[in-house]
Amino acid sequence: MLFSCKKEWNEIAISSPDSRLQLIFDLNLGKPTYKLNLNGKPIVLESQMGFRLQGLPALDSNFILLDRKVRSVNESWEQIWGEEKIIDNHYNEVILYLKESTGSERSLNITFRLYNGGLGIRYEFPEQENLNEFQIAEELTNYTLANEANVWWIPAYQPERYEYLYKKSKLSEIDTAHTPLTVETKDGLFLSFHEASLYDFPSYTLYASDTNILTLDLVPWSNGIKAYVKTPFVTPWRTIQVAEEPQELITNYLILNLNDTCRIADTSWIEPTKYVGIWWGMHIDKYTWASGKKHGATTERTKKYIDFAAKYGFGGVLIEGWNIGWDGDWIKNGELFSFTEPYPDFDIEYLAKYAKEKGISLVGHHETSGQIDNYEKQMDEAYKMYENLGVRYLKTGYVGAGYPGGRLFNGEWHHGQYGVRHFQRSVELAARHHIMLIIHEPVKDCGLRRTWPNLMSREGARGMEYNAWSPDGGNPPDYIPTLIFTRLLAGPMDYTPGIFDLEIPAKPGNRVNTTLAKQLAYYVIIYSPLQMAADLPENYEGNPAFQFIRDVPCDWEKTVALNGKIGNYVTIARKDRNSDNWYLGSITDEEARSLKLRADFLEARTKYLMNTYADGEDADWISNPLSLKITQDTIVRADTIYLNLAPGGGTAIQFVPIPKE
Ligand code: NOJ
């Protein structure tokens with residue numbers, strides 16, 4: 001049953017294409033509400049919808065249903081780069097046309113789109129006489145779960161933005177939290193609450209308004225208004241992804257499907273790549289961003305990094321600290337940054353040309369320190385300059401310490417409507433100048449990469465850098481096994497893996513909390529089309545483990561999530577887009593684990609050479625992190641793969657088809 005309608009059209013139900021999920025909309029005495037069931041069992045009980053408006057009656061009740069449109073779509077589309085080349089887009093949808101029955105008779109349309117893997121809900125404010133320009137004071141949408149549940153969450157409105165360790169708590173114990181928010185229900189289901197297609201609207205956070213109710217909280221402007229809206233307008237989709245096993249969430253592409261098709265006509269210049277850079281050296285205090293004796297981004301050093309990148313097949317070299325403005329307290333003095341003037345010891349013209357001759361590009365860098373006004377004044381010129389120099393990649397940064405809660409310097413939030421607008425301006429300007437972006441301290445990822453594929457990667461979580469300087473001891477072993485089921489569900493992350501010098505002798509008291517094999521496994525586990533080899537080049541040269549980083553691609557044909565338990569372990573296999581090679585990554589928390597897997601993701605009738613980079617028998621993330629065993633074997637699809645992960649460890653495998661005789 002795709003669609004049914006009861007009670008004089010007030011109750012409307014649609015099913016997912018496989019009939020397992022059912023969405024029931026009801027106009028309960030004029031109030032729009034919805035429920036979501038899986039195989040007849042409730043996931044979301046009757047939940048609220050609508051808005052409170054500033055100075056106007058709320059848009060949440062008194063509605064009648066004028067009309068509805070139902071449709072089914074079953075198609076597929078191709079990602080120009082991604083973790084999966086072909087994405088199936090198969091859903092049933094109903095659009096409900098509501099109108100107030102009294103008063104100013106305003107209209108509000110609601111769309112429900114139901115996939116096998118979850119639900120999208122979108123509001124539309126159509127163009128109308130009695131609702132033109134208005135301000136949203138509150139969105140009333142909530143998710144009423146059938147029971148109290150466990151939640152993996154990070155707090156919102158805090159100084160470090162999205163950069164917190166995830167906590168697992170009872171739903172009633174959470175503070176206001178960012179999305180994606182992952183929930184384990186009493187019935188053993190895994191849900192991810194998030195949003196898709198975020199344009200010109202604040203992002204939302206969630207708080208527990210009861211022991212089983214998550215209510216939306218739109219990130220406000222500094223004056224308290226949530227959003228300025230002009231009709232016609234559609235909100236982002238509110239999304240609920242549903243899985244019976246946690247690893248199913250990893251390959252659920254609902255968020256991408258709910259974004260619009262690509263808006264860039266010619267995408268031939270957009271290219272995933274691996275990059276190295278003048279970066280880790282600053283985080284471990286070997287170099288400085290600022291000018292002086294320890295200045296990292298000098299002409300001479302950049303040239304060496306370009307030579308290294310060219311020798312080992314990397315496509316980019318990141319050059320942090322190339323521009324004027326880093327001297328003094330750069331976090332507080334972001335208004336001093338120039339985005340067009342290099343330091344005198346950095347010859348940008350020469351280096352951009354030198355890189356180009358070697359077939360690579362500089363990865364430019366704009367740290368704004370959250371001083372958006374200073375940045376917006378210079379963006380046009382700065383992007384133009386990079387384009388003219390042939391700098392194809394740009395990493396931007398919005399470290400903000402201007403106001404309490406880590407806001408931008410003008411008092412606005414990164415993830416309010418103001419921030420969303422700024423980031424979009426940057427993405428579109430970059431597209432005009434043929435620049436691919438990595439954004440640090442970004443707005444959360446809501447799948448915009450489908451529409452703007454030059455927005456390739458973001459940070460938006462604690463990256464590798466926390467291991468170099470965080471007073472709390474860095475990212476613990478269970479961090480990435482948690483992140484894969486939370487933040488990473490939103491999209492690519494510039495985590496910057498690949499640290500080999502795990503004990504950081506230059507920074508006593510700090511270390512990377514993994515084994516070496518786990519660092520390699522990150523290249524398969526953490527998806528990013530721009531993937532960094534973050535350590536100093538001198539730590540790679542001569543180390544046999546480096547071969548895996550050289551080999552592993554960052555653009556995939558297929559992704560298979562093989563197993564996983566949130567916060568404990570996960571195993572993912574991916575097929576290269578440009579060869580028949582497969583790769584596998586498996587990681588664990590602080591517990592050693594033996595995992596047995598079927599190799600049935602491999603092609604039939606093909607024998608593969610299997611290059612395994614595993615934890616040595618005596619490996620341990622604390623006492624012996626560098627112990628690594630590299631072995632070669634052959635394997636076919638019918639075989640079983642046995643993995644032995646050390647405490648805090650992992651395994652990385654490359655499968656290369658052996659040509660038939
Ligand atoms: C924070 C970013 O995450 C990091 O990658 C960068 O090096 C610093 N800001 C400076 O821009």
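# Close-up views of a predicted model

**Figure 1. A strand pair seen through Val 151 and its partner in E16.** In E16, Val 183 is the bridge partner of Val 151. We are looking at a predicted model here, as in every view that follows.

**Figure 2. From E16 onward to E17 through a hairpin.** Strand E16 also pairs with strand E17 (residues 190-196), in the antiparallel sense and over four bridges. Look for Glu 184, which stands opposite Phe 190 in E17. Five residues lie between the two strands of this hairpin, and Gly 188 takes a positive phi near 80° there.

**Figure 3. An open sheet of seven strands.** Follow the strands in the order E28-E27-E26-E25-E24-E23-E29, and you will find that their pairing is parallel. Strand E28 (455-458) and strand E29 (530-532) stand at the edges; each has a single partner strand, so one side of each is left without a neighbour in the sheet. On average, neighbouring strands of this sheet are turned by 30° against each other, direction ignored.

**Figure 4. The E27 and E28 end of the sheet, with helix H6.** Three bridges pair strand E27 (residues 436-439) with E28 in the parallel sense. Leu 437 is a handy landmark, standing opposite Leu 455 in E28. Helix H6 (residues 417-432) packs on the sheet and touches E27 and E28. The direction of H6 makes about 155° with that of E27.

Figure 5. Helix H3 (residues 299-312) lies across strand E23 (273-278), strand E24 (316-319) and strand E25 (361-367). Relative to E23, helix H3 runs at about 155°. Now turn to Thr 298, which is found in the loop between helix H2 (280-283) and H3. Is Thr 298 buried or exposed? Its relative accessibility is 17%, so Thr 298 counts as buried, the cut-off being under 20%. Leaving aside residues up to four places away in sequence, Thr 298 touches Asp 345 and Phe 346.

**Figure 6. Helix H9, residue by residue.** How many residues of helix H9 (residues 516-525) are buried? Ten of its ten residues are, and the helix is described as mostly covered. Among them are Leu 516, Leu 520, Val 524 and Ile 525, together with Lys 518 and Gln 519. Tyr 522 and Tyr 523 are buried as well.

**Figure 7. Where domain 1 meets domain 2.** The domain assignment gives domain 1 (3-257) and domain 2 (463-485 + 513-529 + 545-661). Their C-alpha centres lie 35 Å apart. At the interface, 20 residues of domain 1 are in contact with 26 residues of domain 2. About 1900 Å² is buried between the two domains, with carbon and sulfur atoms giving 60% of that area.

**Figure 8. A salt bridge between the domains.** How many salt bridges are found across the interface of domain 1 and domain 2? The rule finds one. For a closer look, the side chains of Lys 558 and Glu 84 meet in a salt bridge, at 3.1 Å from N to O.

Definitions and conventions: Residues numbered from 1 in each chain as written. Predicted model: local features only at pLDDT ≥ 70, side-chain atom pairs only at ≥ 80, totals over all residues. Heavy atoms only, no water. Pairing = 2+ DSSP bridges. Axes fitted to C-alpha atoms, helices over the stretch in contact; angles between N-to-C directions. Contact = heavy atoms within 4.5 Å. Buried < 20%, exposed > 50% of the residue type's maximum accessible area, 1.4 Å probe, protein only. Domains from an automatic or database assignment. Buried area = accessible area lost by both parts, 1.4 Å probe. Salt bridge = Lys/Arg side-chain N within 4 Å of Asp/Glu carboxyl O.
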